[in-house]
Amino acid sequence: MDSKWSIQDSLICYKQRIYLPTTSELIPAILSAYHDSTHEGLQKTLWHIRADFYWPAMKSSITTYVSDCHVCQRNKSDHLNPVGLLQPLTLPTQVWADISMDFVEGPPLSAGKSVLFVVVDRFSKYGHFIPMAHPYTAARVAQTFFEHIVRLHGIPESIVSDRDAIFTILSFLGSLWEGPPRLVSYTRGTIRVDAIDEAFMDRDQVLKMFTDLLQKAQDRMTTAYNKSHRGVSYAVGDYEWLCLWQYRQHSLAGPARHKLSPKYFGPFAIIRCVGPVAYQLKFPDTAKLHDVFHVSLLKPHKGPAPSSPPFLPPVDNGHVILTPYAVLQVRVTNDKWDILVQWPATDPEAMTWELLETFK
Ligand SMILES: [Zn+2]
(Lines give C-alpha, C1' and ligand atoms only; values in the text may rest on other atoms or scores of the structure.)
Protein backbone atom coordinates (compact mmCIF):
# COMPACT_ATOMS: atom_id res chain seq x y z
CA MET A 1 0.00 0.00 0.00
CA ASP A 2 1.14 3.53 -0.79
CA SER A 3 2.80 4.98 2.34
CA LYS A 4 0.60 8.09 2.05
CA TRP A 5 -2.31 5.98 3.22
CA SER A 6 -2.83 4.63 6.73
CA ILE A 7 -5.54 3.48 9.09
CA GLN A 8 -5.82 5.30 12.43
CA ASP A 9 -8.61 4.67 14.95
CA SER A 10 -10.56 2.79 12.25
CA LEU A 11 -10.42 5.85 9.98
CA ILE A 12 -8.80 5.81 6.55
CA CYS A 13 -6.19 8.57 6.46
CA TYR A 14 -4.40 10.15 3.50
CA LYS A 15 -1.21 12.03 4.43
CA GLN A 16 -2.32 12.00 8.09
CA ARG A 17 -5.68 13.61 7.19
CA ILE A 18 -9.06 11.90 7.48
CA TYR A 19 -10.13 10.61 4.07
CA LEU A 20 -13.72 11.04 2.92
CA PRO A 21 -15.28 9.80 -0.34
CA THR A 22 -16.80 12.62 -2.44
CA THR A 23 -20.30 11.23 -1.74
CA SER A 24 -19.86 11.43 2.03
CA GLU A 25 -22.72 13.13 3.84
CA LEU A 26 -20.18 14.54 6.26
CA ILE A 27 -18.73 16.94 3.67
CA PRO A 28 -21.60 19.52 3.80
CA ALA A 29 -21.48 19.41 7.61
CA ILE A 30 -17.70 19.96 7.59
CA LEU A 31 -17.99 22.88 5.15
CA SER A 32 -20.65 24.47 7.31
CA ALA A 33 -18.73 23.89 10.56
CA TYR A 34 -15.49 25.38 9.22
CA HIS A 35 -16.90 28.33 7.23
CA ASP A 36 -20.21 29.42 8.80
CA SER A 37 -18.78 30.32 12.18
CA THR A 38 -16.17 32.75 10.86
CA HIS A 39 -17.05 33.46 7.19
CA GLU A 40 -13.36 33.58 6.42
CA GLY A 41 -12.24 33.86 2.79
CA LEU A 42 -11.47 30.95 0.50
CA GLN A 43 -7.77 30.57 1.35
CA LYS A 44 -8.25 30.43 5.12
CA THR A 45 -11.25 28.10 4.91
CA LEU A 46 -9.31 25.84 2.54
CA TRP A 47 -6.27 25.84 4.82
CA HIS A 48 -8.26 24.94 7.95
CA ILE A 49 -10.20 22.09 6.31
CA ARG A 50 -7.13 20.71 4.54
CA ALA A 51 -5.31 20.45 7.85
CA ASP A 52 -7.81 17.82 9.03
CA PHE A 53 -9.53 16.28 6.01
CA TYR A 54 -8.97 15.08 2.50
CA TRP A 55 -11.45 14.25 -0.24
CA PRO A 56 -10.94 14.22 -4.02
CA ALA A 57 -11.46 17.65 -5.68
CA MET A 58 -11.91 19.21 -2.24
CA LYS A 59 -10.63 22.60 -3.45
CA SER A 60 -13.42 22.91 -5.96
CA SER A 61 -16.18 22.00 -3.48
CA ILE A 62 -14.78 24.44 -0.89
CA THR A 63 -14.47 27.18 -3.53
CA THR A 64 -18.11 26.72 -4.55
CA TYR A 65 -19.28 26.66 -0.92
CA VAL A 66 -17.47 29.90 -0.04
CA SER A 67 -18.40 31.74 -3.25
CA ASP A 68 -22.09 30.74 -2.87
CA CYS A 69 -22.25 31.76 0.81
CA HIS A 70 -24.98 34.41 1.13
CA VAL A 71 -23.50 36.08 4.18
CA CYS A 72 -20.17 36.58 2.37
CA GLN A 73 -21.83 37.79 -0.83
CA ARG A 74 -23.91 40.28 1.14
CA ASN A 75 -20.90 41.68 2.99
CA LYS A 76 -17.98 41.65 0.60
CA SER A 77 -17.45 43.78 -2.46
CA ASP A 78 -15.42 42.65 -5.46
CA HIS A 79 -11.90 44.03 -5.56
CA LEU A 80 -12.22 44.67 -9.26
CA ASN A 81 -12.57 47.79 -11.34
CA PRO A 82 -16.04 49.32 -11.07
CA VAL A 83 -18.48 48.23 -13.76
CA GLY A 84 -20.34 50.34 -16.32
CA LEU A 85 -18.64 51.79 -19.37
CA LEU A 86 -19.17 55.44 -20.26
CA GLN A 87 -22.28 56.07 -22.34
CA PRO A 88 -21.46 59.36 -24.10
CA LEU A 89 -24.28 61.62 -25.26
CA THR A 90 -24.71 61.98 -29.02
CA LEU A 91 -22.51 64.80 -30.24
CA PRO A 92 -24.22 68.07 -31.12
CA THR A 93 -23.50 69.45 -34.58
CA GLN A 94 -25.30 72.80 -34.43
CA VAL A 95 -25.15 75.87 -32.23
CA TRP A 96 -27.97 76.00 -29.60
CA ALA A 97 -29.63 72.85 -30.91
CA ASP A 98 -28.60 70.66 -27.96
CA ILE A 99 -28.37 72.19 -24.54
CA SER A 100 -27.77 71.16 -20.97
CA MET A 101 -29.23 72.87 -17.96
CA ASP A 102 -28.80 72.77 -14.24
CA PHE A 103 -29.24 74.83 -11.09
CA VAL A 104 -26.37 76.07 -8.95
CA GLU A 105 -27.56 76.64 -5.43
CA GLY A 106 -25.69 78.40 -2.68
CA PRO A 107 -24.13 81.53 -4.22
CA PRO A 108 -24.46 84.64 -2.01
CA LEU A 109 -27.88 86.27 -2.03
CA SER A 110 -28.08 89.02 -4.64
CA ALA A 111 -31.20 91.16 -5.01
CA GLY A 112 -33.16 88.40 -3.23
CA LYS A 113 -31.95 85.73 -5.62
CA SER A 114 -29.83 82.78 -4.51
CA VAL A 115 -30.05 80.24 -7.33
CA LEU A 116 -28.33 80.30 -10.72
CA PHE A 117 -30.22 78.71 -13.59
CA VAL A 118 -27.39 77.59 -15.89
CA VAL A 119 -28.13 76.82 -19.53
CA VAL A 120 -25.17 75.78 -21.72
CA ASP A 121 -25.06 75.11 -25.44
CA ARG A 122 -23.40 71.70 -25.68
CA PHE A 123 -21.84 72.59 -29.05
CA SER A 124 -20.27 76.04 -28.52
CA LYS A 125 -20.14 75.77 -24.67
CA TYR A 126 -21.68 79.25 -24.56
CA GLY A 127 -23.66 79.60 -21.35
CA HIS A 128 -26.36 81.74 -19.78
CA PHE A 129 -26.34 82.22 -16.00
CA ILE A 130 -29.73 83.46 -14.90
CA PRO A 131 -30.32 84.39 -11.24
CA MET A 132 -33.54 83.09 -9.71
CA ALA A 133 -35.22 83.21 -6.31
CA HIS A 134 -36.09 80.26 -4.12
CA PRO A 135 -38.39 78.38 -4.37
CA TYR A 136 -38.44 78.09 -8.13
CA THR A 137 -41.44 76.30 -9.59
CA ALA A 138 -41.53 74.41 -12.89
CA ALA A 139 -43.79 77.12 -14.34
CA ARG A 140 -41.40 79.88 -13.25
CA VAL A 141 -38.42 78.04 -14.76
CA ALA A 142 -40.32 77.51 -18.01
CA GLN A 143 -41.12 81.23 -18.21
CA THR A 144 -37.48 82.18 -17.52
CA PHE A 145 -36.30 79.66 -20.09
CA PHE A 146 -38.49 81.18 -22.80
CA GLU A 147 -37.53 84.75 -21.90
CA HIS A 148 -33.76 84.16 -21.80
CA ILE A 149 -33.06 81.21 -24.07
CA VAL A 150 -35.84 80.61 -26.60
CA ARG A 151 -36.16 84.33 -27.37
CA LEU A 152 -32.47 84.43 -28.39
CA HIS A 153 -31.75 80.95 -29.70
CA GLY A 154 -35.05 79.27 -30.58
CA ILE A 155 -36.34 75.98 -29.25
CA PRO A 156 -33.53 73.44 -28.75
CA GLU A 157 -33.77 69.98 -30.23
CA SER A 158 -32.59 68.26 -27.07
CA ILE A 159 -32.21 69.14 -23.41
CA VAL A 160 -29.99 67.28 -20.96
CA SER A 161 -30.96 67.71 -17.33
CA ASP A 162 -31.40 65.65 -14.21
CA ARG A 163 -34.37 67.71 -13.01
CA ASP A 164 -37.27 65.55 -14.09
CA ALA A 165 -40.25 67.81 -13.43
CA ILE A 166 -38.78 70.91 -15.05
CA PHE A 167 -37.38 68.95 -17.94
CA THR A 168 -40.80 67.44 -18.68
CA ILE A 169 -42.60 70.78 -18.64
CA LEU A 170 -39.99 72.39 -20.94
CA SER A 171 -40.19 69.49 -23.37
CA PHE A 172 -43.99 69.76 -23.38
CA LEU A 173 -44.00 73.54 -23.93
CA GLY A 174 -41.33 73.15 -26.59
CA SER A 175 -43.52 70.75 -28.50
CA LEU A 176 -46.29 73.40 -28.63
CA TRP A 177 -44.05 76.18 -29.88
CA GLU A 178 -42.75 76.36 -33.43
CA GLY A 179 -39.50 78.32 -33.50
CA PRO A 180 -37.83 79.79 -36.57
CA PRO A 181 -36.20 77.17 -38.81
CA ARG A 182 -32.54 76.54 -37.98
CA LEU A 183 -29.94 76.94 -40.73
CA VAL A 184 -28.48 73.44 -40.87
CA SER A 185 -25.89 73.80 -43.61
CA TYR A 186 -25.30 76.15 -46.50
CA THR A 187 -24.92 75.29 -50.20
CA ARG A 188 -22.48 77.50 -52.08
CA GLY A 189 -24.13 79.94 -54.48
CA THR A 190 -27.54 79.96 -52.75
CA ILE A 191 -27.03 83.64 -51.95
CA ARG A 192 -25.88 85.85 -54.83
CA VAL A 193 -24.00 88.43 -52.75
CA ASP A 194 -20.43 87.15 -52.78
CA ALA A 195 -19.47 88.41 -49.31
CA ILE A 196 -22.47 86.73 -47.65
CA ASP A 197 -21.97 83.55 -49.68
CA GLU A 198 -18.37 83.45 -48.46
CA ALA A 199 -19.35 84.17 -44.84
CA PHE A 200 -21.81 81.27 -44.82
CA MET A 201 -19.20 78.92 -46.31
CA ASP A 202 -16.72 79.99 -43.59
CA ARG A 203 -19.39 79.36 -40.93
CA ASP A 204 -19.92 75.80 -42.14
CA GLN A 205 -16.17 75.17 -42.07
CA VAL A 206 -15.89 76.41 -38.51
CA LEU A 207 -18.84 74.24 -37.44
CA LYS A 208 -17.18 71.23 -39.08
CA MET A 209 -13.93 71.93 -37.24
CA PHE A 210 -15.77 72.24 -33.90
CA THR A 211 -17.57 68.95 -34.51
CA ASP A 212 -14.27 67.17 -35.16
CA LEU A 213 -12.71 68.66 -32.02
CA LEU A 214 -15.72 67.68 -29.88
CA GLN A 215 -15.55 64.15 -31.25
CA LYS A 216 -11.83 63.91 -30.43
CA ALA A 217 -12.40 65.22 -26.90
CA GLN A 218 -15.24 62.78 -26.33
CA ASP A 219 -13.21 59.84 -27.65
CA ARG A 220 -10.34 60.73 -25.34
CA MET A 221 -12.65 61.00 -22.34
CA THR A 222 -14.36 57.68 -23.16
CA THR A 223 -11.04 55.85 -23.55
CA ALA A 224 -9.70 57.22 -20.26
CA TYR A 225 -12.90 56.38 -18.34
CA ASN A 226 -13.25 52.90 -19.80
CA LYS A 227 -9.66 51.99 -18.89
CA SER A 228 -10.69 51.87 -15.24
CA HIS A 229 -14.15 50.40 -15.72
CA ARG A 230 -15.40 46.99 -16.74
CA GLY A 231 -18.13 46.46 -19.32
CA VAL A 232 -20.63 43.86 -18.15
CA SER A 233 -23.98 42.77 -19.41
CA TYR A 234 -26.64 40.85 -17.54
CA ALA A 235 -29.73 39.06 -18.82
CA VAL A 236 -33.37 39.04 -17.77
CA GLY A 237 -33.75 36.34 -15.11
CA ASP A 238 -30.23 36.81 -13.68
CA TYR A 239 -30.11 37.42 -9.93
CA GLU A 240 -28.22 40.46 -8.66
CA TRP A 241 -27.22 41.77 -5.26
CA LEU A 242 -28.20 45.42 -4.89
CA CYS A 243 -25.90 47.93 -3.22
CA LEU A 244 -27.91 50.41 -1.19
CA TRP A 245 -25.02 52.39 0.29
CA GLN A 246 -26.31 55.60 -1.17
CA TYR A 247 -29.47 55.23 0.88
CA ARG A 248 -27.84 55.57 4.25
CA GLN A 249 -29.83 54.27 7.12
CA HIS A 250 -30.93 56.74 9.77
CA SER A 251 -32.25 54.62 12.58
CA LEU A 252 -28.94 54.64 14.45
CA ALA A 253 -27.30 57.75 15.79
CA GLY A 254 -23.63 58.66 15.50
CA PRO A 255 -21.09 59.19 12.76
CA ALA A 256 -20.57 55.47 12.11
CA ARG A 257 -24.19 54.71 11.30
CA HIS A 258 -23.58 54.56 7.55
CA LYS A 259 -21.04 51.80 8.08
CA LEU A 260 -23.67 49.59 9.59
CA SER A 261 -26.17 47.54 7.65
CA PRO A 262 -25.45 45.08 4.86
CA LYS A 263 -23.65 46.39 1.81
CA TYR A 264 -25.88 44.38 -0.47
CA PHE A 265 -29.55 43.45 -0.43
CA GLY A 266 -31.31 40.76 -2.37
CA PRO A 267 -30.62 38.92 -4.51
CA PHE A 268 -33.28 40.29 -6.87
CA ALA A 269 -34.10 39.01 -10.35
CA ILE A 270 -33.61 41.27 -13.38
CA ILE A 271 -36.93 41.76 -15.16
CA ARG A 272 -35.87 44.28 -17.83
CA CYS A 273 -32.73 45.69 -19.42
CA VAL A 274 -33.49 49.43 -19.50
CA GLY A 275 -30.37 50.41 -21.44
CA PRO A 276 -26.75 49.31 -21.77
CA VAL A 277 -26.02 50.23 -18.15
CA ALA A 278 -29.39 50.14 -16.34
CA TYR A 279 -31.58 47.28 -15.17
CA GLN A 280 -35.03 46.94 -13.62
CA LEU A 281 -35.24 44.56 -10.66
CA LYS A 282 -38.19 42.55 -9.36
CA PHE A 283 -39.09 44.04 -5.99
CA PRO A 284 -41.86 43.01 -3.62
CA ASP A 285 -45.14 44.80 -4.50
CA THR A 286 -44.96 46.76 -1.26
CA ALA A 287 -41.48 48.20 -2.02
CA LYS A 288 -41.29 51.98 -1.89
CA LEU A 289 -38.05 52.20 -3.84
CA HIS A 290 -37.61 52.98 -7.53
CA ASP A 291 -36.69 49.66 -9.14
CA VAL A 292 -34.27 50.74 -11.93
CA PHE A 293 -30.55 50.83 -11.05
CA HIS A 294 -27.25 51.66 -12.68
CA VAL A 295 -25.12 48.57 -13.32
CA SER A 296 -22.45 49.81 -10.87
CA LEU A 297 -24.87 49.15 -7.98
CA LEU A 298 -25.37 45.50 -8.93
CA LYS A 299 -23.23 42.46 -8.19
CA PRO A 300 -24.00 39.07 -9.74
CA HIS A 301 -25.41 36.51 -7.34
CA LYS A 302 -23.63 33.16 -7.22
CA GLY A 303 -25.26 29.86 -6.44
CA PRO A 304 -28.80 28.56 -6.81
CA ALA A 305 -31.67 31.07 -7.15
CA PRO A 306 -33.19 32.05 -3.79
CA SER A 307 -36.22 29.98 -2.84
CA SER A 308 -38.04 32.73 -0.94
CA PRO A 309 -38.51 36.41 -1.89
CA PRO A 310 -35.51 38.41 -0.64
CA PHE A 311 -35.76 40.99 2.08
CA LEU A 312 -35.83 44.66 1.06
CA PRO A 313 -35.39 47.11 3.92
CA PRO A 314 -38.08 49.72 4.48
CA VAL A 315 -37.14 53.01 2.82
CA ASP A 316 -38.29 56.44 3.93
CA ASN A 317 -37.48 59.49 1.81
CA GLY A 318 -34.71 57.56 0.10
CA HIS A 319 -33.16 56.35 3.37
CA VAL A 320 -32.95 52.73 4.40
CA ILE A 321 -34.43 52.19 7.84
CA LEU A 322 -32.73 49.34 9.65
CA THR A 323 -32.67 48.29 13.27
CA PRO A 324 -30.52 45.41 14.51
CA TYR A 325 -32.65 42.41 15.47
CA ALA A 326 -30.15 40.12 17.19
CA VAL A 327 -26.45 39.59 17.85
CA LEU A 328 -25.57 36.05 16.82
CA GLN A 329 -21.83 35.67 17.36
CA VAL A 330 -18.79 37.43 18.72
CA ARG A 331 -15.18 37.23 17.51
CA VAL A 332 -11.92 39.12 17.93
CA THR A 333 -10.01 40.32 14.88
CA ASN A 334 -6.98 42.61 15.05
CA ASP A 335 -7.59 43.08 18.79
CA LYS A 336 -11.09 44.43 18.12
CA TRP A 337 -14.41 42.85 19.04
CA ASP A 338 -16.68 42.04 16.11
CA ILE A 339 -20.31 41.02 16.43
CA LEU A 340 -22.43 39.23 13.86
CA VAL A 341 -25.65 41.23 13.61
CA GLN A 342 -28.89 39.90 12.16
CA TRP A 343 -30.76 42.90 10.79
CA PRO A 344 -34.39 42.09 10.07
CA ALA A 345 -36.24 39.49 12.15
CA THR A 346 -37.79 38.19 8.92
CA ASP A 347 -34.54 37.33 7.14
CA PRO A 348 -32.12 35.16 9.14
CA GLU A 349 -29.57 35.36 6.31
CA ALA A 350 -29.31 39.16 6.32
CA MET A 351 -26.45 39.39 8.79
CA THR A 352 -23.19 41.30 8.82
CA TRP A 353 -20.06 41.52 10.92
CA GLU A 354 -19.84 44.89 12.62
CA LEU A 355 -17.28 46.44 14.95
CA LEU A 356 -18.70 46.34 18.46
CA GLU A 357 -17.46 49.87 19.17
CA THR A 358 -19.66 51.36 16.43
CA PHE A 359 -22.68 50.42 18.54
CA LYS A 360 -21.50 52.24 21.63
ZN1 LIG B 1 -19.53 33.04 4.31
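Tutor: T45 lies in helix α2, residues 42-52; helices (H or I, at least four residues) and strands (E, at least two) are DSSP runs, numbered from the N terminus. This is a predicted model, in which local features need pLDDT of at least 70, side-chain atom pairs count only at pLDDT 80 or more, and totals for chains, interfaces and linings use all residues. Residues are numbered from 1 along each chain as its sequence is written.

Student: Why does T45 count as buried?

Tutor: A residue is buried if 20 or more other C-beta atoms, placed from the backbone, lie within 10 Å of its own, exposed if 12 or fewer, and partly exposed in between. T45 has 22 C-beta neighbours inside 10 Å, and therefore counts as buried.

Student: In what order do the strands of the open sheet run?

Tutor: Strands of a sheet pair through backbone hydrogen bonds, either parallel or antiparallel. Two strands pair if DSSP finds at least two bridges between them. Here the 4 strands have the order β7-β6-β5-β8, with mixed pairing. β7 (127-132) and β8 (158-160) stand at the edges, each with a single partner strand, so one side of each is left without a neighbour in the sheet. Strand β5 (residues 98-110) pairs with β8 in the parallel sense over 3 bridges, and D98 stands opposite S158 in β8.
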